[in-house]
Amino acid sequence: MTEDNVLVRVEHLKKYFPITRGIIFQRQVGAIKAVDDISFNIRRGETLGLVGESGCGKSTTGRTILQLYRPTAGSVFFEGQDLSKMKGEQLRRMRRKMQMIFQDPYASLNPRMTVGNIVGEPLEVHGVARGKERRERVQELLQLVGLNPYFINRYPHEFSGGQRQRIGVARALALNPSFIVCDEPISALDVSIQAQVVNLLEDLQEEFGLTYLFIAHDLSMVRHISDRVAVMYLGKIVELTDRNELYNNPLHPYTQALLSAVPIPDPVVEETRKRIILEGDVPSPANPPAGCNFSTRCPRVLDVCHEEEPEFKEVGPEHWVACHLIA
Amino acid sequence: MTTLLEVKGLKTRFYTQDGVVHAVNGISYTLDEGETLGIVGESGCGKSVSVLSTMRLIPEPPGKIVGGQVIFEGEDLLKMPMDEIRRVRGNKIAMIFQDPMTSLNPVLTIGRQVEEALELHMGMSRSQARQRAIELLQMVGIPQAEDRIDDYPHQFSGGMRQRVMIAMALSCNPQILIADEPTTALDVTIQAQIVDLVKRLRDEIGMAVIWITHDLGIIAGLADKVIVMYAGYIVETAPVKELYGDPRHPYTIGLLGSLPRLDAHQSRRLVSIEGLPPDLIDLPPGCPFAPRCNYIIDRCLEENPPLEVVGPNNHRIACWVDVKATPKLQ
Ligand SMILES: Nc1ncnc2c1ncn2[C@@H]1O[C@H](COP(=O)(O)OP(=O)(O)OP(=O)(O)O)[C@@H](O)[C@H]1O
Ligand SMILES: Nc1ncnc2c1ncn2[C@@H]1O[C@H](COP(=O)(O)OP(=O)(O)OP(=O)(O)O)[C@@H](O)[C@H]1O
Ligand code: SF4
Ligand code: SF4
Ligand SMILES: [Mg+2]
Ligand SMILES: [Mg+2]
């Protein structure tokens with residue numbers, strides 16, 4: 001893969017949140033290892049899916065890439081430049097090219113702002129367009145995401161969940177970004193509305209050559225929308241490969257269990273499917289197990305797994321895995 | 001198969017400041033012994049209210065059951081005095097809900113709560129109840145149940161709390177378990193654990209199950225029979241393979257088309273159902289799905305279609321149009 005194909009390069013990224021005690025004299029007594037040394041690339045124009053269970057660090061990964069959280073260690077390169085070293089005006093200018101769409105279409109929009117102001121705010125803040133020009137651009141954006149441009153003076157509560165998510169998409173598109181982190185953009189929506197929003201994201205990607213990091217816990221939807229998929233478990237990426245390769249030939253025991261747990265809406269298929277039922281719960285990221293993070297639940301655990309952390313390495317063409325079972 | 005529960009023409013309304021919410025609009029179905037019935041539909045279509053109504057758990061006011069019958073063991077539950085209904089609930093018919101925290105008492109230990117259910121419903125002594133509580137917690141897969149029995153609910157994870165709810169629901173060997181989205185808040189691997197557990201217990205005890213969800217995937221592997229609800233109506237019902245293999249109502253067809261499949265080898269564009277479900281305060285006069293339907297004919301705007309048989313095994317839909325013989329509008 002040539003370097004100019006890569007839009008985002010993540011190297012040994014860590015994000016720890018301190019755990020503190022004491023009210024006046026706060027001292028750090030530990031750390032939540034939300035993201036713990038992950039490395040991967042996102043290519044120009046692709047959709048990279050990021051899946052894993054609640055609390056495994058997906059949102060923190062997205063936010064740390066965008067520098068909404070500053071990394072504890074490691075680097076994020078965007079178009080070859082190290083964002084983790086940037087500050088102030090320089091970072092602000094880079095941020096125009098990177099946007100985020102959030103999970104909750106109810107909480108992520110300011111209820112006291114009109115749709116016009118919500119969508120137009122980034123234009124104002126970055127001094128891109130004002131007054132009539134801004135209004136025209138906002139109406140264009142609303143139309144683009146399938147909303148009536150006459151809605152410009154309405155407030156978020158006057159819209160349904162799917163429509164609010166469209167407003168969030170219009171806002172994210174305002175500054176012509178090249179990269180969008182979609183953090184569970186459809187999880188809060190009804191099935192019939194999810195398809196509307198996913199189709200919109202796909203159409204926009206085609207039209208503007210957008211690059212997506214698509215975060216979700218719905219593996220069926222991730223397979224549908226992604227080119228490649230990364231699987232996360234307890235702050236680490238355990239497997240990353242082409243979406244068809246991942247689903248046809250999952251190598252990591254966690255990926256295998258995760259895929260087998262997803263129900264398929266077809267009773268004939270379900271009748272003969274075998275599930276790998278995992279025991280127990282995910283350990284706390286404040287106190288991950290020694291060795292492999294999955295060792296406490298892994299059905300194929302070896303002795304070495306309790307001592308040595310498996311290395312994340314390329315085991316087949318474009319197929320990356322971290323597991324001692326795979327040489 | 002003997003019929004265990006028969007719901008006939010059930011109607012529930014909510015009288016609110018904004019108007020009358022037509023939450024459940026005359027639904028009828030049966031549940032056989034040992035059968036698992038799946039009820040699916042989108043948020044607000046009346047799934048919860050329809051089963052809460054059968055158990056008389058609707059807050060009154062603003063709610064009111066305005067019509068219908070719920071026949072269980074030859075008696076109409078809707079006419080039963082409240083104290084008798086309470087004996088049926090939690091004894092012969094048990095329920096589990098989406099959020100176990102709302103049903104568990106945060107200041108009582110897990111063990112105490114299971115024991116109380118046993119003392120109340122099964123008339124056990126305290127020491128009998130404790131022994132049985134440990135067995136039940138083991139049965140639903142709580143590791144080290146003897147040690148964990150004196151923990152409080154907040155010391156358990158979401159999946160473990162849902163297991164405790166199942167243990168309590170099963171404490172009195174119910175004939176029917178009603179599960180209202182019990183896995184919606186859980187991760188898929190934990191969801192698989194819970195579904196697996198319910199299936200195993202169902203087969204062991206031979207109880208019937210009503211499982212409510214918006215996830216057509218779960219239902220496919222769990223139910224014998226499925227009801228699809230839309231705007232407070234049943235729009236399609238059939239044995240599970242019939243429903244997924246030969247869906248006949250435009251809404252069911254749309255729902256199944258809007259789902260991506262994990263085992264799909266190439267991606268196709270998802271079929272989306274445009275528009276939104278109707279406002280239950282202001283339902284259109286004809287078919288409630290008409291504003292979003294691709295098969296609509298004039299009659300749909302005037303008359304609401306009844307639920308009628310269209311295929312084998314009592315496959316029924318509420319639609320004026322035979323979608324197999326009709327091209328879809330663009
Ligand atoms: N601002 C924060 N301060 C402290 N801890 C945090 C913060 N944000 C996240 N965490 C912790 O970091 C871990 C990873 O959280 P994150 O939100 O990234 O998970 P996620 O994979 O997005 O989960 P979900 O699927 O539930 O959204 C969790 O244990 C979470 O509690
Ligand atoms: N206490 C209440 N007061 C007023 N309206 C109510 C009340 N409870 C339910 N409703 C209304 O009744 C309708 C049916 O609600 P119900 O809870 O049965 O939906 P549901 O299908 O279970 O949805 P979900 O998937 O979101 O749980 C909804 O329109 C809801 O707003
Ligand atoms: S390294 Fe060991 S514990 Fe970890 S996933 Fe592989 S086999 Fe399981
Ligand atoms: S009755 Fe008419 S509007 Fe309703 S689902 Fe059938 S075709 Fe569509
Ligand atoms: Mg998240
Ligand atoms: Mg409900």
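1. In this predicted model, 42 residues of chain A are in contact with 42 residues of chain B, contact meaning heavy atoms within 4.5 Å. Residues are numbered from 1 along each chain as its sequence is written, and chains are lettered from A, with ligands numbered from 1, in the order in which they are written. Local features need pLDDT of at least 70, side-chain atom pairs count only at pLDDT 80 or more, and totals for chains, interfaces and linings use all residues, while side-chain values use heavy atoms, without hydrogens and water.

2. Between chain A and chain B an area of about 3,600 Å² is buried, and carbon and sulfur atoms give 59% of this. Buried area here is the accessible area (1.4 Å probe) that two parts lose on being put together, summed over both. V191(A), P265(A) and P267(A) supply 17% of what chain A buries against chain B, more than any other three residues.

3. Three salt bridges are counted between the two chains; the term stands for a side-chain nitrogen of Lys or Arg within 4 Å of a carboxyl oxygen of Asp or Glu. R269(B) and D203(A) meet in a salt bridge through their side chains, at 2.9 Å from N to O.

4. Which elements give two or more residues to the side of chain A that touches chain B? They are helix 6 (191-208), helix 7 (219-225), helix 8 (243-248), helix 9 (253-261) and helix 10 (267-272) of chain A. Helices (H or I, at least four residues) and strands (E, at least two) are DSSP runs, numbered from the N terminus. Helix 6 of chain A gives the largest share, eight residues.

5. Turning to the fold of chain A, eight strands form an open sheet with mixed pairing, in the order 6-7-8-3-9-10-12-11. Two strands pair if DSSP finds at least two bridges between them. Strand 6 (98-101) and strand 11 (313-316) of chain A are the edge strands, each pairing on one side only.

6. Strand 6 of chain A pairs with strand 7 (residues 179-183) of chain A in the parallel sense, over four bridges. Within strand 7 of chain A, F179(A) is the bridge partner of M98(A). Helix 5 (residues 161-173) of chain A packs on the sheet and touches strand 6 and strand 7 of chain A. The direction of helix 5 makes about 175° with that of strand 6 of chain A; axes are lines fitted to C-alpha atoms, for helices over the stretch in contact, and angles run from 0 to 180 degrees between N-to-C directions.
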